[in-house]
Amino acid sequence: MARAGVSLDDAVRERFRPTVMAHEQVLPALEVLADLLPGRGLQRGSVIATRGPAAMSIGLALMAGASAAGSWLGVVGLPSIGLSAVSELGIALERVFLVAAPPPQRWAETVAAVADGAELVLARVPAQLRASDMRRVQSRLSTRGTVLVLAGLDEQAGIQPDLVVGTAAPQWEGINDGQGRLLARQVQIEVGGRRAGRPLRRLLWLPASDGSISAVTTITASRPTSASGGGDLLEQAG
Amino acid sequence: MPRLVTLWFPQWSAVAAGVQGDEPLVVVHANRVVAVSPAGEVAGVQIGLRRREAQARCSGVRIVHHDPDRDARRFEPVVRAIAELVPSLEITEPGLITFASRGPSRYAGGDVVLAERVVAIAVQAFAGQDSVGQAGVGQHGVGQHGVGQHGVGQRVGVRVAVGIAEGRFASGIAARRSALRGEPCVIAAGRAATVDFLARFPVDVLRDVAGFDADFTGLLRRLGIVRLEQLAALPATDILARFGNNGIRAHRLASGDDERPPETHPVPPELFAERVFEDAVAQVEPLVFAGRQCAEELHQAITARGSICVRLVIEAETDDGERTERVWYQPAGLRVATMVERVRWQLDGWVRQPGGLNGGVVLLRLTPVEIKADDGRQLGFWGGRTQADEWAQRAITRLGGLLGPDAVTVPVWRGGREPSRHYDLIPAVDRPDPDTVPSPVTKRSKRIGTPATTPGVAAGSAASRSAASRSAASASAPGQAANDPPWPGQLPKPSPSQLFLPAEACIVEDDGGRTVTVSGRGFISGAPATLSRNQRRVRVAAWAGPWPIEERWWEAGGRRRARFQLVTEEGVAYLAAVEAGQWWLDAMYA
């Protein structure tokens with residue numbers, strides 16, 4: 001019964017595909033990140049991997065725009081995610097549900113079920129994932145138009161993300177030798193992957209001292225900075 | 001309009017929790033008080049307070065966690081006793097029964113006599129249950145809490161309120177008034193008398209008894225419509241233009257018309273779901289599982305008609321011919337989770353009745369006897385529930401079936417010093433929907449703290465949005481953490497995105513290779529220079545601290561620790577703490 005419904009749905013989709021607007025195929029992203037993304041948003045049905053020392057933060061930041069616009073986020077197998085940070089990075093927690101890590105052989109089934117209900121899925125891939133499982137998940141993602149973000153995914157056989165967002169060279173501001181506290185972080189973002197065009201780089205505040213996510217202005221970026229001496233930088237960024 | 005008797009046990013959860021004599025007791029759900037014993041009320045504890053606020057107001061208060069199954073189990077004997085006098089009664093939830101007064105009243109010889117008899121039966125049943133051996137109310141007299149003039153009522157710690165009036169709404173209000181006055185409240189027959197009775201009540205009763213949200217009643221108040229008579233006096237067309245269907249419903253209720261008849265549809269006779277068991281089943285769990293399948297089938301069939309079930313009959317039969325049949329009513333509609341919960345309540349009470357059952361269950365049947373147009377969950381046209389919320393709700397239910405009910409959780413803000421304690425994770429499945437749980441009368445108490453348990457509704461429906469604003473913003477709405485009062489000793493923002501649960505042991509050394517320690521006065525032995533984690537040593541580029549944290553210093557299990565933020569030369573920041581010479585990594589700013 002349900003299967004018949006899906007195939008009908010597909011038939012209708014097939015028929016009407018030419019009239020789907022381009023902007024309906026992407027989920028909105030924050031303004032500062034949109035410039036880096038093909039289609040200025042998260043391509044529906046795509047798999048995005050984030051890497052590097054700020055992998056989790058950038059993964060969440062990528063989804064913040066869509067979450068604010070009403071999309072649900074399903075988190076699979078990340079029981080130790082810092083929910084305060086999730087909220088601070090702009091995810092609407094009232095539209096978040098967390099799913100406990102399923103056994104590896106049921107990972108694909110679980111992620112597919114989550115993708116049915118949420119337009120955003122944040123997951124961690126089990127160590128030995130079969131390529132066929134990943135394909136199954138990807139086909140479900142494209143049917144439902146869901147975006148899967150794999151935070152902190154290193155190179156793994158069988159997974160070819162559509163977009164790879166790398167983070168590098170994090171520099172923290174506001175903290176010194178025994179003084180101050182963590183206040184803001186500059187991170188180098190690089191967007192690549194098979195669906196991206198030529199790799200794009202940008203220096204971001206993730207987050208800035210006021211909690212927002214913003215681009216580092218060129219003046220600040222060009223000046224050499226050290227992790228410990230950020231007093232004047234903060235003023236410029238704020 | 002039918003004349004209805006509403007039998008209400010105020011603070012039933014507290015009664016079911018086994019309040020002893022005049023001890024102060026509160027029932028707590030998600031850190032919020034949902035029910036209070038009479039002694040607690042006297043001490044100033046109210047529904048909706050946080051646990052520690054309740055403890056501050058009443059120091060010796062006993063705290064019991066909310067357990068809907070316990071509520072239902074202890075209510076079953078009362079229902080069984082009443083059902084002997086009144087065969088067709090409807091249970092809205094444990095502690096609240098409604099039935100038509102016509103037959104029973106004639107049998108008893110008048111409404112007033114009926115009310116008194118019902119009180120007597122209820123109190124007797126409760127006391128009898130006690131003597132059968134359930135832990136509970138005890139023989140110490142509590143005094144004047146029983147409403148009936150019968151001796152039993154005086155001795156047992158259960159309060160019973162009875163309201164008799166025309167229509168569910170008026171009857172519910174009469175029961176509330178009965179609870180306040182300590183005697184049955186019987187309103188004369190006839191529409192004029194009903195309107196008269198309703199006229200002087202504030203519009204807030206719409207919220208407390210009829211399930212309207214606080215935003216709506218608040219708006220009415222701000223517009224100067226304070227009493228029901230003022231609402232009733234307005235022209236219906238204007239109400240419709242200004243408030244839509246919700247307003248019309250309120251207007252109907254205020255004018256003494258009950259909402260039920262016009263909304264309901266006839267139920268086609270083929271609409272039911274049943275399971276016949278070849279081998280008799282004696283345990284409750286498999287029956288509940290079968291009940292879930294039935295409920296899903298039924299719900300699917302009903303929603304296919306664009307309707308929702310508001311009155312459901314659950315029947316079960318053993319191979320020995322024993323039967324149980326109960327009618328469950330829920331004005332906002334019964335969905336799968338709520339139906340299953342009803343099945344569990346009913347079967348649990350039935351199987352555990354004194355003497356038990358002679359045989360195993362061979363038949364389980366769910367029959368909707370009343371359905372109405374599902375207006376509450378249409379796709380958001382007025383900014384209500386969206387398609388996305390509906391999908392998420394469905395997926396959550398599905399995942400619960402796939403991985404077990406506790407596998408899917410939703411965050412609820414709690415607050416605390418440790419980042420791992422800021423949010424509670426509450427199972428998202430198998431909880432009643434917030435907008436179906438609240439029922440007349442005890443609605444306020446049930447609502448608080450529950451909305452976030454089913455995010456599908458928390459996000460969308462006006463009802464739960466109002467619950468969020470009403471319950472002072474914290475427990476119910478995760479997103480509102482930002483508006484909550486600051487938590488002393490809380491970590492400043494930004495918060496770490498990756499927690500270590502449990503904390504990971506590490507070594508932090510100064511330049512001389514000595515482990516860094518913090519003295520009792522908060523002095524540090526040397527500047528942290530290296531951090532060793534997993535046999536890998538990295539240099540610390542920047543650090544901040546120590547910030548002393550003393551937790552629960554007043555009890556034996558209290559902890560004293562000093563917190564640091566460390567940034568390695570690679571730019572990775574950690575939240576670390578040293579406690580009794582041992583360093584721990586609590587979280588990472590990934």
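Predicted model: local features only at pLDDT ≥ 70, side-chain atom pairs only at ≥ 80, totals over all residues.
Tutor: Residues are numbered from 1 along each chain as its sequence is written, chains are lettered from A and ligands numbered from 1 in the order in which they are written, and side-chain values use heavy atoms, with hydrogens and water left out.

Student: Why is B:Cys185 called buried?

Tutor: Buried means under 20% relative accessible area, exposed means over 50%, and partly exposed is in between (1.4 Å probe, protein chains only). B:Cys185 has 9%, so it counts as buried. B:Cys506 has 4%, so it is buried too.

Student: How many disulfides does a search of the whole structure find?

Tutor: Zero, over all chains. A disulfide would be a pair of cysteine sulfur atoms within 2.5 Å.

Student: What makes E3 and E4 of chain B edge strands?

Tutor: Strands (E, at least two residues) and helices (H or I, at least four) are DSSP runs, numbered from the N terminus. Two strands pair if DSSP finds at least two bridges between them. The open sheet in chain B has the order E3-E2-E4, with mixed pairing. E3 (32-36) and E4 (62-65) of chain B each have a single partner strand, so one side of each is left without a neighbour in the sheet.

Student: How do you know that E2 and E3 of chain B pair?

Tutor: Count the bridges: four join E2 (residues 25-29) to E3 in chain B, and the two run antiparallel. The cut-off is at least two, so they pair. In one of these bridges, B:His29 has B:Arg32 of E3(B) as its partner.

Student: What makes something a nonpolar core?

Tutor: It's a set of buried Ala, Val, Leu, Ile, Met, Phe, Trp, Tyr and Cys residues joined through side-chain atoms within 4.5 Å. The largest one here has 62 residues, and A:Leu60 is among those touching the most other members. Helix H3 (residues 55-68) of chain A gives the most to this core, with seven residues. Another core, of 60 residues, lies apart from it and includes B:Val158.

Student: Where in chain A does pLDDT stay under 50 with zero contacts beyond four places in sequence?

Tutor: Over residues 1-5 of chain A. pLDDT is the predictor's confidence in each residue, from 0 to 100, and contact means heavy atoms within 4.5 Å. Residues 220-238 of chain A also stay under 50, but the model has 27 such contacts for them.
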